[in-house]
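Open the model in your viewer and keep the selection tool at hand. The tour goes from one selection to the next and says what is there.

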Amino acid sequence: MTPVEYLAAALVIGGTFFGLVATVGLLRLPDLYSRLHAASKSDTLGSVLAIAGTATVLGVTTESMKMVFLLLFLFLTSPTAAHAIARAGRAQDVEPVGENAAWDEDEGGETQ
């Protein structure tokens, strides 16, 4: 294996790990907001690492440039979608779950 292939393998393995962390977070965390956090952060990072690993193997080609655009698209859309879902949950009065979790109405809807 060449060093580039080792780097690509490390990126794909890292992406797989973060995808697994996102899956565990979706299954284990108690409420919408916690699950949303796990899905938006870990899943985005996992996807980006896996795509970067694949683009590394391909080198400088048209396909790798398409993957770079896909990376940019993921970085822009995933946090935006997570934010929109969280705002929709707040608008629908979805309560956070937890011992000290509550909406602080005096602070503009932020959790305590």
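How are helix 2 and helix 3 oriented to each other, roughly parallel or roughly antiparallel? Keep in mind that this is a predicted model.

**Stop 1: helix 2 and helix 3**

Select residues 62-91, which form helix 3, together with helix 2. The two helices pack at an angle of about 180°, and their axes are 9 Å apart. Angles over 145 degrees count as roughly antiparallel, and therefore helix 2 and helix 3 are roughly antiparallel to each other. The residues of this contact divide into 16 nonpolar, seven polar and two charged.

**Stop 2: helix 1 and helix 2**

Now select residues 3-28 for helix 1 and residues 32-58 for helix 2. Here the packing angle is about 165°, with the axes 7 Å apart. That makes helix 1 roughly antiparallel to helix 2. The crossing of helix 1 past helix 2 is left-handed. In the contact of helix 1 with helix 2, 16 residues are nonpolar, nine are polar and two are charged.

**Stop 3: helix 2 from end to end**

Next, colour the buried residues of helix 2, among them Tyr 33, Leu 36, Val 48, Leu 49 and Ile 51. Then step past the end of the helix: Gly 59 follows helix 2 and has a positive phi, near 80°.

**Stop 4: Thr 44**

Select Thr 44, which lies in helix 2. Is Thr 44 buried or exposed? Its relative accessible area is 9%. Buried means under 20%, so Thr 44 is buried. Show the side chain of Thr 44 as well: this side chain reaches the backbone oxygen of Ser 40 at 2.5 Å.

**Stop 5: Gly 98**

Last, select Gly 98, in the loop between helix 3 and strand 1 (103-104). Gly 98 has a relative accessible area of 45%, so this residue is partly exposed. Which distance separates the C-alpha atoms of Gly 98 and Pro 30? The two residues are 68 residues apart along the chain, and their C-alpha atoms are separated by 8.0 Å.

Note on methods: Residues numbered from 1 in each chain as written. Predicted model: local features only at pLDDT ≥ 70, side-chain atom pairs only at ≥ 80, totals over all residues. Heavy atoms only, no water. Axes fitted to C-alpha atoms, helices over the stretch in contact; angles between N-to-C directions. Helix = DSSP H or I, 4+ residues; strand = E, 2+ residues; numbered from the N terminus. Parallel < 35°, antiparallel > 145°, perpendicular 65-115°, else oblique. Left-handed = near helix turned anticlockwise from the far one by under 90°. Nonpolar A, V, L, I, M, F, W, Y, C, P; charged D, E, K, R; others polar. Buried < 20%, exposed > 50% of the residue type's maximum accessible area, 1.4 Å probe, protein only. Polar contact = N/O pair within 3.5 Å; in protein donor to acceptor, adjacent residues only side chain to side chain.
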